[in-house]
Amino acid sequence: MSYHVPVLCREVVHYLTEPGFPEAVVIDATVGGGGHSGALLAAGVQRIIALDQDPQALAAAQMHLQRWGSRVEWHHSNFADFRPGRPVAGVLADLGVSSAQLDRPERGFSFRHDGPLDMRMDPQHTAKSAADWVNSAEEQVLVEIFSRYGEEPFSRRIAHQIVAKRPVLGTKQLADLIWQAVPPPARRGRIHPATRVFQALRIVVNQELAALERFLQQVPDWLLPGGRLAVISFHSLEDRLVKWALRRDPRWRVLTPKPIQPSPAECQINPRARSAKLRVAERRREEP
């Protein structure tokens, strides 16, 4: 399994170790490959509470962090469903899809490898795969999914092409249909024409935005006064939810009025970092 290079790792460590709690416990709400957690432990965090809804990601993180032994507590859970036993010093949520997920064709997250249209983060608890949505949803429903969750300007043309060619069973077949549906000038952009549609399907399959909203509503109660939340988002839908949740809730003191983005050097080393945005807020020590 590929190792997921943690994005904005130095910045995350800076913000989540700076408060200096005597017993620094951090919840890594999306542990992925364990890169951020390993860096936090190495920087002095006493204990990590590691969550992930993807059992394969959790297994990868357990291998990566095995040298830390009992300093890591493991939970197979979606962060929206988790309830910590007591408040902690820090919470991290990296909302990106990991390299391990993207690079395994059988997971169906990427059109760069041919595989089944799955995209379920937790196959044990998610009934409908991307193939189920693509092959059973009415054309107008697909238009709305691609437009709302992918902000896809050619959603109507793409949905019409998919419905005309169903069944669509693999990632390459879907990517090819999208390529054929968009006008030629749109094929020459910086990103592949299938990128936004694959994002939209992944979001709807895993109900990602609804889960993020629930997480953001409850996460202030996970933190001690002065504790910090760090969220890394990778597209505008996520970033807007995070930005407004932090601004509207009076329990937060926002530490990053503008999101922190990776340096050109980091993007050169890790191209998947280029769309990342880090926002950090602190739980106020005195209630407003």
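The chat below goes through a predicted model of one protein chain.

Biologist: Hi! What should I know about the model before we start?

Modeller: It is predicted, so local features need pLDDT of at least 70 and side-chain atom pairs count only at pLDDT 80 or more, while totals for chains, interfaces and linings use all residues. Residues are numbered from 1 along each chain as its sequence is written, and side-chain values use heavy atoms, with hydrogens and water left out.

Biologist: Fine. How many helices and strands does the protein chain have?

Modeller: There are twelve helices and seven strands. Both are DSSP runs numbered from the N terminus: helices are H or I with at least four residues, strands are E with at least two.

Biologist: And how compact is the protein chain?

Modeller: Its radius of gyration is 19 Å, close to the 19 Å from the globule rule for 288 residues, so the chain is as compact as a globular protein of that length. That radius is taken over C-alpha atoms, and the rule is 2.2 Å times the number of residues to the power 0.38. The C-alpha trace spans about 60 × 40 × 40 Å along its principal axes.

Biologist: What percentage of the residues count as buried?

Modeller: 55% of the 288. Buried means under 20% relative accessible area, exposed over 50%, and partly exposed in between, with a 1.4 Å probe and protein chains only.

Biologist: Let's look at β1. Which residues sit on each of its faces?

Modeller: Strand β1 covers residues 25-28, with V25 and I27 on one side and V26 and D28 on the other. All four are buried, which leaves both faces covered. In a regular strand the side chains alternate between the two faces of the sheet.

Biologist: Which strands does β1 pair with?

Modeller: One is β2 (residues 47-52), parallel to β1 over four bridges, with V25 opposite R47. The chain gets from β1 to β2 through helix α2 (residues 35-42), in a right-handed β-α-β crossover. Right-handed here means that, with the strands pointing away from the viewer, the path from the first strand over the helix to the second runs clockwise. β4 (residues 88-94) also runs parallel to β1, joined by three bridges, and D28 stands opposite L92 there. Two strands pair if DSSP finds at least two bridges between them.

Biologist: What lines the largest cavity?

Modeller: There are 32 lining residues, and T30, Q53, D94, L95 and G96 lie nearest the centre. Helix α10 (208-218) is among the elements supplying at least two residues, and its three make the largest share.

Biologist: Is M119 buried or exposed?

Modeller: Buried, at a relative accessible area of 0%. M119 lies in the loop between α4 (99-102) and α5 (130-136).

Methods. 1 Å grid on protein atoms, 1.4 Å probe; cavity = no way out; pocket = protein on both sides within 12 Å on 5 of 7 lines; lining within 4 Å.
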